[in-house]
Amino acid sequence: MIITVDNPPINAGSTEVRQGLLHAIHEFQDKAQLKAAVIIGAGSTFIAGSDIKEFSLPLAEPHLPTVINAIENCSKPIICALHGVALGGGFELALGCDARIALTGTVFGLPEVTLGIIPGAGGTQRLPRFIGVEKSIELICAGTRIKADEALQLGLINQIVKDDLIGNAIVLATSMFGSKKRIRELTTPKSTAANILAASNKALKLGKNRPQVQKAIEMICNTLILPIDEGLAIEREAFEKLRLSTEAKALRYQFFAERKLFKGLGAHDAEAKPINQIAVIGAGTMGSGIAIACLSAGYGVVILDQNVNALANGVKRVEQFYAVRLKSGKISAEKVSELLSRFSHSVQWGSIVSADLIIEAVFEDITVKHEVFQKIEAYARADALLASNTSYLDIDAIAAKTANPSRVFGLHFFSPAQVMKLIEIVRCKATSAVAVATGLSFAKHLGKTPVISANVFGFIGNRIYTAYRRQCEFMLEEGAYPEQIDKALEDYGFAMGPFAVADMSGLDIAWSMRQSQAINRKPEHRYVTIPDTLCLAGRFGRKSGFGYYQYPEDAGKPIVDPSVNLIIEAASQAKGIERKPFTTVDIVDRIILSMINEIAHLIVDKVVSDPTDCDIALVNGYGFPRWRGGPVFIARELGIDTLKVQLKQLAVVSGPGFLAANTDVIFRD
Ligand code: 3H9
């Protein structure tokens, strides 16, 4: 009997699918003339997992474990024929079958932890019985997706076939007439406590110690001590608890927000132009990072810098990046030579003539940018697209001085450009639809997450970050200290607190930006002078050995500096502010609220079209913990009325210059 799951587009294991499967298995059991069954997916894939849209509601019967029980309890063999992906519940269903056959290229995995849950249909109980505790910890706790050849090596599938999946599955099923091979009957291979501990510690570190990772380890280890039915019951209970947690809800929100973003990005009114050859202007850290990102994605890259030393350093950074990967075994020598065969460098502007896309990543100075764009125009092909990687300069002003501003736009990468997922695509007044569509397709090809921003100071991310930083400075003035704010945010899930980040980026950069904007600052607005005082004292952060913290040569970590606290206290005193203690909750609440307020401004000002894009930007470019969902998710959880009350309080404590936004826009989809 052939049982086909047909629930496009990804054959999600919805209630109807589970009902259909259970019905078919019972029918198969009841018909004596049928000797074996094959479960297969229609369309491009097997079951890609449970339908996670159902996860915010009570799950309807029959549950997936009931379906898998029916397969195991069936007296005749049931084979799974797999293609596309077999993920989450789809893979768990396959593990409940008597044999598995897969088409070349099929992908397997239990990615539940990435959604804040653990496998809830036996994944943590059957997988270890097959491949052992350590390997299961490695795969389940990272949500790793593996290809068919690795699955075959691990013994997870019986056979790989190049074509005729169903025909080959029927042959396999026929060979199994009269037999059953239940994974539940296997005993988990023995392991040493030291090995399990090492695998667990590694997984916890990688999984940021999140509750679902801890639970997954506990469940997997249960297979060494508990009978399978007991282990399954405990797993299901833990899955149910995690499924209903705010953290899992936030991760589902992020999942669907990203899908929505990519879907929206595909719906553009112009075709992207093909891009093969990229020119990067400027061989600094950013330029070489962009070159690496482009080379790794398969593009031909020329990097140009008129300063010979800067060029040599940039080229060295690119070569060293691949040399380190080669040494650590992450890449083969052949791959490195193939990558570097597409890489060239030059001090001559003539080298950019064959580029389809030219990305400027030079010093942040508008005069320098104007000069560079003039040069680019003189040498680039007339149909090449021109992008600036500026993080805060006015790209309209840059475009206005070019002969064809319709081909100019922003491609704002985040440092390190070869690592960070976020790219802001800045659409200027004259940017053509083709340029935007090409920027998007290019960003996607790099494996990045692009968000579209209007051309305003700070674009999306830095606008929100600036509001958040300002709020942190207010709190310094009112009674908090840098180490306390940094710790509160690190405990919340940020990789680094804002003052440690500021010290790393260099306080002088923001200082010169503030100086350039001083003329526009309203004197009646609240302005915190602490960062300026630090800069006037030569405290520029890590590079000068002092900033918000001290950085003695022999200390790996920032050290709290009592003299900074004196500067802060003097600033409070100068304004007659009576310092008061802050709790971690006070700190985090004020920061999140200030972000929500700024996001509402961005929507009202039409800088970004969808509020959820801001959450995606913060998670992918600013280290906002994904499992918190983002400020928009948090605002929606709080509800419009509570948010309004809290924002009113924030306006009061923030003082003059704080502009409360119309947050209703956050609640529109
Ligand atoms: C689980 O299984 C728990 C178990 O332990 C069971 C416990 C009892 N549900 O990504 P795409 C939608 S947890 C609902 O653009 P691609 C997606 O929103 C689950 N919908 O395509 C989009 O919809 P729309 C474990 C889903 O080809 C459409 O499908 N499984 C789900 O680039 C196409 O998606 C996972 O975590 C879902 N599970 O990639 C797998 N998945 O057209 C997560 C997708 O309306 N999914 N949709 O915008 C993926 O990794 C990718 O979507 C996949 C396809 C590789 C499948």
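Two strands are said to pair if DSSP finds at least two bridges between them. By that rule strand β12 (residues 357–360) pairs with β13, because 4 bridges join the two, and these strands run parallel. The structure described here is a predicted model, and its chain is assigned to domain 1 (2–244), domain 2 (277–455) and domain 3 (462–667).

**Domains and paired strands**

- Taken over C-alpha atoms, the centres of domain 1 and domain 2 are separated by 43 Å.
- Leu 357 of β12 takes part in both pairings, for it is the bridge partner of Ile 278, and its own bridge partner in β13 is Leu 385.
- Which residues of β12 lie on each side, and are they buried or exposed? Leu 357 and Ile 359 are on one side and Ile 358 and Glu 360 on the other, and all of them are buried, so that both faces of β12 are covered.
- In strand β13 (residues 385–388), Leu 385 and Ala 387 point one way, whereas Leu 386 and Ser 388 point the other way, and all are buried.

**The ligand and its surroundings**

- The ligand is surrounded by 25 residues, and the closest are Ser 50, Gly 89, Glu 92, Glu 112 and Arg 259.
- By class, this shell around the ligand is made up of 12 nonpolar, 5 polar and 8 charged residues.
- Glu 112 places a polar side-chain atom 2.6 Å from an oxygen atom of the ligand.
- In the case of Gly 89 a polar backbone atom is involved, and it lies 2.8 Å from an oxygen atom of the ligand.
- Gly 120 likewise has a polar backbone atom 3.0 Å from an oxygen atom of the ligand.
- On its own the ligand has 1000 Å² of accessible area, and the protein covers 76% of this.
- Which elements give two or more residues to the shell around the ligand? They are the helices α3 (89–96), α10 (228–243) and α11 (246–266), and α11 gives the most, with 4 residues.

- Arg 243 is located in helix α10, and it counts as buried because its relative accessibility is 2%, where buried means under 20%.
- The side chain of Arg 243 makes a polar contact with the side chain of Glu 240, at 2.8 Å.
- Asp 615 belongs to helix α25, and at 0% relative accessibility Asp 615 also counts as buried.
- Although Asp 615 and Gly 629 are 14 residues apart along the chain, their C-alpha atoms are separated by 7.0 Å.

**Positive phi angles in loops**

- Phe 459 is not a glycine, and yet it has a positive phi of about 50°; this residue is found in the loop between β16 (449–454) and α18 (461–478).
- Is Phe 459 buried or exposed? Phe 459 counts as buried because its relative accessibility is 0%.
- Lys 606 is not a glycine either, and it has a positive phi of about 60°; its place is in the loop between α24 (584–604) and α25 (611–621).
- Lys 606 counts as exposed because its relative accessible area is 69%, where exposed means over 50%.

**Cis peptide bonds**

- The peptide bond that runs from Pro 8 to Pro 9 is cis, with omega near 5°, and Pro 9 lies in the loop between β1 (2–5) and α1 (15–30).
- Another cis peptide bond leads from Glu 61 to Pro 62, with omega near -5°, and Pro 62 is placed in the loop between β2 (37–41) and α2 (64–73).

Methods: Residues are numbered from 1 along each chain as its sequence is written. This is a predicted model: local features need pLDDT of at least 70, side-chain atom pairs count only at pLDDT 80 or more; totals for chains, interfaces and linings use all residues. Side-chain values use heavy atoms; hydrogens and water are left out. A residue is near a molecule or strand if one of its heavy atoms lies within 4 Å of it. A polar contact is a pair of N or O atoms within 3.5 Å; within protein, one must be able to donate a hydrogen and the other to accept it, and residues adjacent in sequence count only if both atoms are side-chain atoms. Accessible areas come from the Shrake-Rupley method with a 1.4 Å probe; for residues, only the protein chains shown count as cover. Ala, Val, Leu, Ile, Met, Phe, Trp, Tyr, Cys and Pro count as nonpolar, Asp, Glu, Lys and Arg as charged, and the others, Gly among them, as polar. Buried means under 20% relative accessible area, exposed over 50%, partly exposed in between (1.4 Å probe, protein chains only). Domain bounds come from an automatic or database domain assignment.
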